[in-house]
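Here is a walk through one protein model, from its salt bridges to its sheet and its cores. Have the coordinates open while you read.

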Amino acid sequence: MTSHTPSSYELLPGAGDSPVILHVPHSAREIPGEVREGIVLGDAALERELDHITDAHTGRIAREAAGSAGVRPWRFVNRLSRLVVDPERFPDEREEMLAVGMGAVYTRTTRRDVLRDAGFDPGPLVERFFRPYARAMADAVAGRLTATGRAVIIDVHSYPSVRLPYELHGQGPRPAVCLGTDSFHTPAALLAAARAAFAQVGEIGLDSPFRGTYVPLGYYGTEPRVSALMVEIRRDTYMTEPGGPAGPGLPRLASALARLVDGLSR
């Protein structure tokens, strides 16, 4: 956590001819001091919640993959915790996670305890953090479309080995790698490339325990040149849970992600 307000996102350039954007939305733990004031948890409880909700080390996985890929991808990285805003949620009633207090601005924790008081107004956080992030990500996609004629968004996430109470669809399989898809934006070739790239990591599943993928709303369901896939990595394959250090599995996952990037850059 921090008492100042860092930049809420960063676009890290890749090769000019790369269509790939590695999107890392949930790897940070930073919470600006003024946002922290609206969270009711004590410091120790908040640190425990961050251990569970943060996709730890996914930023490093994306960074190492980008460094070893033959054609360096672009990276769009959230520098603030998802407890500030979650940039991958719908900002309105379309968001199914509102049912458990986890819309664009969370009001409940992973264990469904109170995170923010009843009556908390999410509007200022949405305007300050969510909308600028969404515009910047849309601009990044537009840049790839202009430069290469297509954009491929690879969402880099992780998830716990044991289901947490907030999960709406956590009763199914929990494979080493879960690939989240969208019927419009995830073509068969993209899914096949991901399966091949991660084949050496372990069991690969589809849309369980998490489904869907991220596409900026201005392109969602309308622009076929934008393809997308969510890569959800089970945390015990590369780190000590919850919130612990990375282990020897991380380089293997970074290499698999680099293989995927190279396969998509041709």
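Let's start with a salt bridge: the side chains of D92 and R94 meet in one, at 2.9 Å from N to O. The term stands for a side-chain nitrogen of Lys or Arg within 4 Å of a carboxyl oxygen of Asp or Glu. D92 is partly exposed, with a relative accessible area of 24%, and R94 is partly exposed as well, at 47%. For burial, the cut-offs are under 20% relative accessible area for buried and over 50% for exposed, with partly exposed in between (1.4 Å probe, protein chains only).

A word on where this comes from: the model is predicted, local features need pLDDT of at least 70, side-chain atom pairs count only at pLDDT 80 or more, and totals for chains, interfaces and linings use all residues. Numbering runs from 1 along each chain as its sequence is written, and side-chain values use heavy atoms, with hydrogens and water left out.

On confidence, the chain has a mean pLDDT of 96, and 97% of its residues reach 70 or more; pLDDT is the predictor's confidence in each residue, from 0 to 100. Residues 1-6 are where the pLDDT is below 50, yet this stretch has 22 contacts in the model beyond near neighbours in sequence. Contact here means heavy atoms within 4.5 Å.

**Salt bridges**

The whole structure has 16 salt bridges. Three of them look like this:

| Pair | N to O distance |
|---|---|
| D92 and R94 | 2.9 Å |
| E96 and R211 | 3.8 Å |
| R82 and D55 | 3.9 Å |

Helices (H or I, at least four residues) and strands (E, at least two) are DSSP runs, numbered from the N terminus. E96 is partly exposed at 38% relative accessibility.

R82 forms its salt bridge with D55. R82 sits in the loop between β3 (74-78) and α4 (123-148) and D55 in the loop between α2 (43-53) and α3 (58-68), so the pair ties together parts that are 27 residues apart in sequence. Both R82 and D55 are buried. Through shared partners, salt bridges join D55, R82, D86, R89 and R235 into one network.

**The sheet and its helices**

What is the order of the strands in the open sheet? Its seven strands run β1-β3-β2-β4-β7-β5-β6, with mixed pairing. Two strands pair if DSSP finds at least two bridges between them. The edges are β1 (9-12) and β6, each pairing on one side only. On average, neighbouring strands are turned by 20° against each other, direction ignored.

β7 pairs with β4 in the parallel sense over nine bridges, and D155 stands opposite M230 in β7. With β5, β7 pairs in the antiparallel sense over four bridges; here V177 stands opposite I233. β5 (residues 177-180) also runs parallel to β6, joined by three bridges, with C178 opposite G205.

Nine of the nine residues of β7 are buried, so this strand is largely enclosed by the rest of the structure. V226, A228, M230, E232 and R234 point one way, while S227, L229, V231 and I233 point the other.

α6 lies across β2, β4, β5 and β7, running at about 165° to β4. Axes are lines fitted to C-alpha atoms, for helices over the stretch in contact, and angles run from 0 to 180 degrees between N-to-C directions.

**Cores**

The largest nonpolar core has 36 residues, and I154, L179, F198, L229, V231, L257 and L260 have the most contacts inside it. Such a core is a set of buried Ala, Val, Leu, Ile, Met, Phe, Trp, Tyr and Cys residues joined through side-chain atoms within 4.5 Å. α6 gives the most to this core, with nine residues. A second, separate core of 28 residues includes I31, I39, I53 and V100.

P242 lies in the loop between β7 (226-234) and α6 (249-264). Is P242 buried or partly exposed? At 41% relative accessibility, P242 counts as partly exposed. Leaving aside neighbours within four places in sequence, P242 is in contact with D51 and H52, both among the buried residues of α2.
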